[in-house]
Amino acid sequence: MRIGHIQLANRLFAAPMAGVTDRPFRQLCKRLGAGYAVSEMVTSRKDLWASLKTSRRADHAGEAAPISVQIAGTDAAMMAEAAVYNIERGAQIIDINMGCPAKKVCSQWAGSALMRDESLALEIADAVVSACAPHNVPVTLKMRTGWSASERNAVRIAAGAESAGVAMITVHGRTREQGYKGSAEYDTVAAVKAAVRIPVVANGDIDTPAKAREVLESTGADAIMIGRAAQGRPWIFREIAHFLATGETLPPPRVAEAKGWLLDHLDDHYGLYGEATGVRSARKHIGWTVQGLPGGAAFRARMNTIETCAQQVAAVADWFDEMAERDERLPGTPAAMPGDGATLQ
Ligand SMILES: Cc1cc2nc3c(=O)[nH]c(=O)nc-3n(C[C@H](O)[C@H](O)[C@H](O)COP(=O)(O)O)c2cc1C
């Protein structure tokens, strides 16, 4: 699996998720079997680049290659500039966001609204590809199947993007109008795959190894991308990799392993955000991890009362140690699709 000239470790991708796939989480996904992980979107609005939020998103210190940054905007020149800005900060692949249904994004500056204006979408693709070419940085594009059921134009946009020089297309199998409702459909993904020669990535509702295989087979896609199912369960990538390679299902992780991964993640997380912000923003990752586990809901509530990194780490370690006394492996499986982010994205 390649994106332009860049060879990837495998065809299992972590989806960009604002507020989730920061550098520490991307690193964790890569460590646990994702061959590729895309950053949270970075705005093309220059006035926001100096903000703490955007500068954290553009910080790739120590990140395993390839470093991929998603940019969002509706002005071709600004998007081109944003691409170069991120390349100067370490991006090796630039991804254009055409998939975000959030109102904030659609009405102001980006996301799936672009799918409604095909000529602007392709103008942006053209401008970003031209800006990235001198840096030898491939450009990819992530979109939905269309704006609405009656405006399902993913195939047309994909073909236009390929002509503009885009190196890979990801399709989330829902329209913008659907938000996160209903189920993802993969026929449009298959139609996009049939229409272009560049790699196509299938995305949406993939939450088990069996589903991963089914989607790869039914769409002919070159890769699959996983978002919500990786929240609190980043080891899904190695589970899928094992299943695709052997047809066998891995047992759940050992409690001690899960504890180690979460503690490493927390350490990395605090390093990026500092104590005051880090302790709070780590709560969601801890919450997703313990969701569906015995006593998880009560532990999650307790987390909200803890205000220091040291106490948070100690509480997590103790909780997993207690579980390890009862079970060698993580009991049960978390409820599918935690935090669907419907209000966010
Ligand atoms: C909390 C959250 C944040 C998201 N942020 C982005 C984003 O910044 N850019 C983007 O292209 N898609 C974003 N998405 C969409 C995901 O990348 C993905 O397309 C979608 O969740 C469907 O995949 P899944 O069913 O595996 O979660 C976000 C999704 C969620 C749940």
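**Exercise 1. Helix α9 and its surroundings**

Determine which elements the buried residues of α9 pack against, and where on the helix those residues lie.

Solution. The structure is a predicted model.

Step 1. The partners of the buried residues of α9 are β3 (12-14), α1 (23-31), α8 (209-219) and β10 (223-226).

Step 2. Helix α9 covers residues 236-246, and its buried residues are I236, F237, E239, I240 and F243.

Step 3. Viewed along the axis of α9, these buried residues fall within an arc of 160°, so they line one face of the helix. The general rule is that an α-helix has 3.6 residues a turn, so residues three or four places apart point the same way.

Step 4. After α9 comes G247, which has a positive phi, near 80°.

**Exercise 2. α10 against α11**

Classify the relative orientation of α10 and α11, and describe the residues in their contact.

Solution. 

Step 1. Helix α10 (residues 255-290) packs with helix α11 (residues 296-303) at an angle of about 170°, and their axes are 9 Å apart.

Step 2. Angles over 145 degrees count as roughly antiparallel; α10 is therefore roughly antiparallel to α11.

Step 3. On the α10 side, the contact is formed by R283, I286, G287, W288 and V290, and on the α11 side by G296, F299, R300 and M303.

Step 4. By class, the residues of this contact comprise 5 nonpolar, 2 polar and 2 charged.

**Exercise 3. α10 against α12**

Carry out the corresponding classification for α10 and α12.

Solution. 

Step 1. The packing angle between α10 and helix α12 (residues 309-326) is about 170°, with the axes 10 Å apart.

Step 2. By the cut-off of 145 degrees, α10 is roughly antiparallel to α12.

Step 3. The contact of α10 with α12 involves 18 nonpolar, 3 polar and 4 charged residues.

**Exercise 4. Two asparagines**

Decide for N97 whether it is buried or exposed, and do likewise for N136.

Solution. 

Step 1. N97 belongs to strand β6 (residues 93-98). Its relative accessible area is 4%; buried means under 20%, so N97 is buried.

Step 2. The side chain of N97 forms a polar contact with the side chain of Q70, at 3.1 Å.

Step 3. N136 is located in the loop between α5 (118-132) and β7 (139-146). With a relative accessibility of 51%, and a threshold of over 50% for exposed, N136 counts as exposed.

Step 4. Between N136 and D327 there is a separation of 191 residues in sequence and 50 Å in space, C-alpha to C-alpha.

Terms used: Residues numbered from 1 in each chain as written. Predicted model: local features only at pLDDT ≥ 70, side-chain atom pairs only at ≥ 80, totals over all residues. Heavy atoms only, no water. Axes fitted to C-alpha atoms, helices over the stretch in contact; angles between N-to-C directions. Helix = DSSP H or I, 4+ residues; strand = E, 2+ residues; numbered from the N terminus. Parallel < 35°, antiparallel > 145°, perpendicular 65-115°, else oblique. Contact = heavy atoms within 4.5 Å. Nonpolar A, V, L, I, M, F, W, Y, C, P; charged D, E, K, R; others polar. Buried < 20%, exposed > 50% of the residue type's maximum accessible area, 1.4 Å probe, protein only. Arc of directions from axis to C-beta. Polar contact = N/O pair within 3.5 Å; in protein donor to acceptor, adjacent residues only side chain to side chain.
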